[in-house]
Amino acid sequence: PFTTDRIRVNVTRAVDGLTHLTEIEAWGSDAPPTATNVALASAGAVASASSTANANFPVSSVINGDRTGAGWGSGGAWNDATPDAYPDWVQIDFPGMKTIDRVVVYTLQDNFASPVDPGDGLAFTQYGVVDFNIEGWNGSAWVTLATVSGNNLVKRTAGFAAYTTDRIRVNVTNAMAGYSRLTEIEAWGT
């Protein structure tokens, strides 16, 4: 399959030196709608948390679009307030029902003083979240959509079957250095 909005038949040779075409057909289907990050504050999402260390680590920072955690300790990322006590959670409420099929969780980089936009292979060894669940609300209870254990990546994508909900939760059950630290949460869907 190839997604495009046009095709071209480029004739490079024909009988009698003339091109004769009677019909051109291209079979396929409409491209699926483009997925967007529905967990952004600019899209109307609102974040809350089980606890927050203090005003320097606001939970709102996990939906501001900055994946790096720049400004760690001064508003750039979230840190829970309960050392070595789990679970810790961050909940994101959407402005209405959204169908999502993956959540991307960004945790604190080792070099937080000079962070980079984390690619898929950037690992941590000091401060990241190790074990967590992605949960969706079904109207009366939380449903586990994906489970991640033994994580060592700053950017961790968790895919799952398409799920329609008005909120998600990242439920952290283990993290390095005693605290849950998240820099961004993305929920991709329509």
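A residue is called buried under 20% relative accessible area, exposed over 50%, and partly exposed in between. By that scale Asp166 is partly exposed, because its relative accessibility is 22%. The structure is a predicted model.

**Salt bridges**

- Glu186 and Arg67 pair through their side chains, with an N to O distance of 2.7 Å.
- Glu186 belongs to strand β8 (residues 181–189) and Arg67 to the loop between β2 (46–49) and β3 (78–79), so this contact ties together parts of the chain that are 119 residues apart in sequence.
- Asp120 and Lys155 form another salt bridge, at 3.0 Å from N to O.
- This second pair also links distant parts of the chain, with Asp120 in the loop between β4 (88–107) and β5 (129–137) and Lys155 in strand β7 (residues 155–175), 35 residues apart.
- Asp120 counts as exposed because its relative accessibility is 56%, and the cut-off for that class is over 50%.
- Arg167 and Asp166 make a further salt bridge, in which the closest N and O atoms are 3.1 Å apart.
- Arg167 is partly exposed, with 22% relative accessibility, and Asp166 also has 22% and is partly exposed.

**Largest pocket**

- The largest pocket holds about 310 Å³ of space.
- Its lining consists of 14 residues, and those closest to the pocket centre are Phe2, Thr3, Thr4, Gly28 and Ser29.
- Sorted by class, the lining has seven nonpolar residues, four polar ones and three charged ones.

**Segment before β1**

- Ile7, Val9, Val11, Leu21 and Ile24 make up a nonpolar surface patch of about 450 Å².
- Val11, a member of that patch, is located in the segment before β1 (36–37).
- Val11 is partly exposed because its relative accessible area is 35%, a value that falls between the limits of 20% and 50%.
- Asp16 is found in the segment before β1 and has a positive phi, near 65°, although it is not a glycine.
- Asp16 counts as exposed, at 70% relative accessibility.
- Thr22 is another residue of the segment before β1, and its relative accessibility of 81% makes it exposed.
- Glu25 also sits in the segment before β1 and is exposed, at 54% relative accessibility.

**Loop between β3 and β4**

- The peptide bond from Tyr86 to Pro87 is cis, with omega near 10°.
- Pro87 is placed in the loop between β3 and β4.
- Asp84 is in the loop between β3 and β4, and its phi is positive, near 55°, in a residue other than glycine.
- Asp84 is exposed because its relative accessible area is 61%, and the class begins over 50%.

**Loop between β5 and β6**

- Ser140 lies in the loop between β5 and β6 (142–148).
- Ser140 is classed as exposed on the basis of 60% relative accessibility.

**C-alpha distances**

- Thr22 and Gly75 are 53 residues apart along the chain, and 64 Å separates their C-alpha atoms.
- For Glu25 and Phe160, which are 135 residues apart along the chain, the C-alpha separation is 35 Å.
- Ser140 and Ser48 are 92 residues apart along the chain, with C-alpha atoms separated by 18 Å.

Definitions and conventions:
Residues numbered from 1 in each chain as written. Predicted model: local features only at pLDDT ≥ 70, side-chain atom pairs only at ≥ 80, totals over all residues. Heavy atoms only, no water. 1 Å grid on protein atoms, 1.4 Å probe; cavity = no way out; pocket = protein on both sides within 12 Å on 5 of 7 lines; lining within 4 Å. Points joined across faces, edges and corners; volume = space filled by probe spheres on them. Nonpolar A, V, L, I, M, F, W, Y, C, P; charged D, E, K, R; others polar. Patch = residues over 30% accessible without salt bridge, like charges linked within 9 Å, V, L, I, M, F, W, Y side chains within 5 Å. Areas by Shrake-Rupley, 256 points an atom, 1.4 Å probe, with all protein chains shown as cover. Salt bridge = Lys/Arg side-chain N within 4 Å of Asp/Glu carboxyl O. Helix = DSSP H or I, 4+ residues; strand = E, 2+ residues; numbered from the N terminus. Buried < 20%, exposed > 50% of the residue type's maximum accessible area, 1.4 Å probe, protein only.
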